[in-house]
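Reader: Hi, I have a new structure open and want to talk it through. Can we take it piece by piece?

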Amino acid sequence: MPAQPVDPRARRSRAALEAALRELIAERDLAQISISDVTKRADVNRSTFYDHYTDLDDLAAAACTGLFDELVAALSGHDLDAAEPTSLAGLFAHVAEHAHLYRTLLGSAGSARVINHLLRRITDNAQLRRGTVDHDPVAAFLAGAVLGTVIDWLRRDCPGTPEQMGAAIWPHLVAASSG
């Protein structure tokens, strides 16, 4: 049975809510944003919000999925068996380009649900690249190491260049993935 097409009004409402949240995050921390702030900015009713999302964390995960896809894509092109010490530079460059948004979502005032959402996406990508479909503790370890490094780098105001960060963690990821 073919999938039912998504109602264009629902698509517009979700897009408006997601854009509103991204705009508000540019202005203040996630913890300082209310559902009322988002619905006012998006010019939709509160009930419309709840038609699409359970809460602000759910919206935040959805609103940043495209950005997270870019982050995961920055990891996807790398073969951990090849010795390319700077190949993670694209990942850190992406994070640096969107540092405020990532700090807001992944920092101490951010959302554990958003962090878990991103961790799951990175883990799934690592499993796919490793050719595993079942539980893969190595893929989970690699994803956690990468995300933990990104969070720490953001918390410390991004010391070092993306190239330096990639070079610093690359040998450890290669060693962990081959074990």
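Reader: How many residues does helix 10 have, and how far does it reach from its first C-alpha to its last?
Author: Keep in mind that this is a predicted model. Helix 10 covers residues 162-178, which is 17 residues. From first C-alpha to last it reaches 24 Å, close to the 24 Å expected at 1.5 Å a residue.

Reader: Where does the kink in helix 10 lie?
Author: At Ile169, shortly before the proline Pro171. The kink is about 35°.

Reader: Which residues of helix 10 are buried?
Author: Pro162, Met165, Gly166, Ile169, Trp170, Leu173 and Ser177. Notice that Ile169, where the kink lies, is on that list.

Reader: And what do those buried residues pack against?
Author: Three helices: helix 6 (89-97), helix 8 (112-130) and helix 9 (137-155).

Reader: Let's zoom out. How many helices and strands does the protein have?
Author: There are 10 helices and 0 strands. Along the sequence the pattern reads α-α-α-α-α-α-α-α-α-α.

Reader: What share of the residues is buried?
Author: Of the protein's 179 residues, 40% count as buried.

Reader: Now the core. Which residues touch the most other members of the largest nonpolar core?
Author: Leu21, Val38, Tyr102 and Leu105. That core has 49 residues. Helix 9 gives the most to this core, with 7 residues.

Reader: Pick Val38. What does Val38 touch?
Author: Leaving out residues up to four places away in sequence, Val38 touches Leu17, Ala20, Leu21, Leu24, Ile33, Leu56 and Leu59. Leu21 is on that list, and Leu21 is also among the core residues that touch the most other members.

Reader: Where does UniProt place the "DNA-binding region"?
Author: The UniProt record, an unreviewed entry, puts that feature at residues 34-53. Such an annotation may be inferred rather than shown by experiment.

Reader: What does the chain look like over residues 34-53?
Author: It is 75% helix and 0% strand there. The end C-alpha atoms are 13 Å apart.

Reader: Asp43 falls in the loop between which helices?
Author: Asp43 sits between helix 2 (35-42) and helix 3 (46-52). Its phi is positive, about 60°, although Asp43 is not a glycine.

Reader: Is Asp43 buried or exposed?
Author: Asp43 counts as exposed because its relative accessible area is 70%, and the cut-off for exposed is over 50%.

Reader: Which loop holds Asp157?
Author: The loop between helix 9 and helix 10. Asp157 has a positive phi too, near 65°. With a relative accessible area of 58%, Asp157 is exposed.

Reader: New topic. Where is Thr104, and is it buried or exposed?
Author: Thr104 is found in helix 7 (residues 99-106). Its relative accessible area is 4%, so Thr104 is buried.

Reader: What lies 2.9 Å from a polar atom of the Thr104 side chain?
Author: The backbone oxygen of His100.

Reader: And which residues does Thr104 touch?
Author: Not counting residues up to four places away in sequence, Thr104 touches Ile25, Arg28, Asp29, Leu30, Ala109 and Gly110.

Reader: How many residues apart in sequence are Ala10 and His52?
Author: They are 42 residues apart in sequence, and 8.1 Å apart in space, C-alpha to C-alpha. Ala10 belongs to helix 1 (residues 8-27). Ala10 is buried, at 18% relative accessible area.

Reader: Last one. What separates the C-alpha atoms of Ala73 and Asn125?
Author: A distance of 8.8 Å, and the two residues are 52 residues apart along the chain. Ala73 is in helix 5 (residues 65-76). Ala73 counts as partly exposed, at 47% relative accessibility.

Definitions and conventions: Residues numbered from 1 in each chain as written. Predicted model: local features only at pLDDT ≥ 70, side-chain atom pairs only at ≥ 80, totals over all residues. Heavy atoms only, no water. Helix = DSSP H or I, 4+ residues; strand = E, 2+ residues; numbered from the N terminus. Expected span 1.5 Å × (residues − 1). Bend = angle between axes of the 7 residues up to and from the residue. Buried < 20%, exposed > 50% of the residue type's maximum accessible area, 1.4 Å probe, protein only. Contact = heavy atoms within 4.5 Å. Polar contact = N/O pair within 3.5 Å; in protein donor to acceptor, adjacent residues only side chain to side chain. Core = buried A, V, L, I, M, F, W, Y, C linked by side-chain atoms within 4.5 Å.
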